[in-house]
Amino acid sequence: MRTSTLQAPAPTSVAATSFGIRLAYSGGNLGKSVVWSAFESFLLFYLVRFAGFDPLVAGGLLAALMFAAAGADVVVAYFADRGGRPDALARLILVGAPLGGIGFWLIFAARLDGPAIVAAVILCRVGYSLCDIGHNTLLVRVAIGPRDATSVSGLRMIFSAAGTAIVGLASVHILSIADPGDQRAAFAGCALVGGALYIATLMAATWATRGIPAPRTATRRIGPAAMLSALWHTPAYRRLLALVGVQVALVPMFARALPFFGVAVHGDAGWGGSALLVITVAQAGSLPAWIMLGRALPPQSTLTVANALIIVAMLLLVTLPQAGPVPLALIGIAQAGMNIAIWALLATSIRTGMAAGSTAEALPMGLFLAVVKGATGIGNLLFASAIAGHDWHCTSCAPSTSFLLATIGLPLLGCVAILAMNARPAYKRTT
C-alpha cells in the first residue's frame, strides 16, 4: 500500500502571523460564503421555481453532489498530504477558484436549462471542494495557538457574514422583480458578481499566506488506514465530527427554507431575502462579543450557549408570531457563536493531534469537510421530502404539517442532541 508522509507540527518558535495575513486569509470566506449561502438558501428554490425541476429530483441531485464532494474531500486531502509539497494547498486553490467561480455563474445563466444547469452545478462543486480543502487547511498554519484559532475564526465569520449579506441583498432585489424572465436575468447578473468575488478573495488569501512555513515533514511514513485510525483515536476530533454532523444536517433547516417559508407563511418569496438580511446583520453584529467570550471561555461553553439561543428562537417562531424580527436576530446571533466554536475546536484538535504525532495536516480537514457535506446532503434530502407535496406557485396555500415540522422541529431536535453530546464528560483517549 502506498504511504503518506506524517506531518510534524510547526516549530514552537514560529511567530504568530500578522494581522494583515489573518485578515487577507479570512477574506477568502467572503467569496466562499456567497457561493455556500446561495446553495443553502436559494439554489433549491431556483431549481424548483425557475428551472422547472421536481423538488425531489432537485433535492436528490444536490444531495448526491454533496455526498460525492464529501468523498472527494477525503481523497484530495490524502493526496495533498502524500505528496508532501509545501505549496500543495495553494495549488488546490489556484485550480479550484476559477472552476468554482465560473461554475457558479453558469448555474444561474439565464439561457441554461436542464442538463446544462446540472453540469454547471457539478463544475462549481468540484471547484468548491478543491478550494475548501486548500483554504480551510491553511487555518491550521495561520492560527498558531488556541487564542489565535478563536480570533482567526472570528475574522472568518465576519467575512462569511458579509458574504451572506450580499446574497440577502441580491435576493431581496431579485425576488421583488415581477417578471420571471427578468428575475432569471437578474439571477445571472448577480451570480456573475458572486463568481468574481469567489475567485478574487481566494486568490488574495493564497497570495497573503504564501510565506507561512508548512509543517515539517517527519521521516516516519504511514499509510491511509493508519492515518484514519489515528484520527479516530483522537477523542476531541471524534466528538467534533459527531457534533458537526448533527449541526449541519438539522440546525440550518430553517435557513434552507427561507424563500419557501416566505411563500407558505407570508405569501411572499421576497420575505426570505429580508429574513436572511436580519439574520446576517445580527450575526455580524454579535461577532465581536462572541470573539471576546470565546477568548475567555472554552469553545464547548460557547457552543452550548449558541444552541440554547437557537432553541429559544425556534420556540418564539412557533408561540409568538408577533415577535417580528426577534427570532430571526436570535438565529443570527446563535449562528455566529456556533461557527466560531466549531472552527476553534477544529483548529485546536488538529494542532493537538499533530503535536502528538498522530495526524497529517490536510486529511483531518478533509474528513471534517466530508462530514459537513455529507450531513448537508442528508439535510437537503430531508428538506426536499418536506416540500415535495406543496404547490410553490400558490402564494395563498397553507403550509403543510411536514413543512413546518422540518423547518422548526428538526432544528430543535438537532440543538437538543448537540446539547446532550456537549454535556457528556470528555472522552478518554483510546489505544
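I looked up F104 and F108 first: F104 is buried, and so is F108. Buried here means under 20% relative accessible area, with a 1.4 Å probe and protein chains only. The model is predicted, so local features need pLDDT of at least 70 and side-chain atom pairs pLDDT 80 or more, while totals for chains, interfaces and linings use all residues. Numbering starts from 1 along each chain, and side-chain values use heavy atoms, without hydrogens or water.

Next I checked the aromatic pairs. Rings of Phe, Tyr and Trp (its six-membered ring) pair if their centres lie within 6.5 Å; planes under 30 degrees apart are stacked, over 60 edge-to-face, the rest tilted. I noted 16 aromatic pairs by this rule.

F108 has 4% and counts as buried. The F104 and F108 ring centres are 5.5 Å apart with planes at 70 degrees, so I logged that pair as edge-to-face. One aromatic cluster includes F45, Y46, F104, F108 and F403.

Last, I looked for charges over rings (NZ of Lys or CZ of Arg within 6 Å of the ring centre and within 35 degrees of the ring normal). R156 has its charged end over the ring of W343, 4.3 Å from the centre. For R210 over W207, I noted 4.1 Å.

Technical notes: Buried < 20%, exposed > 50% of the residue type's maximum accessible area, 1.4 Å probe, protein only.
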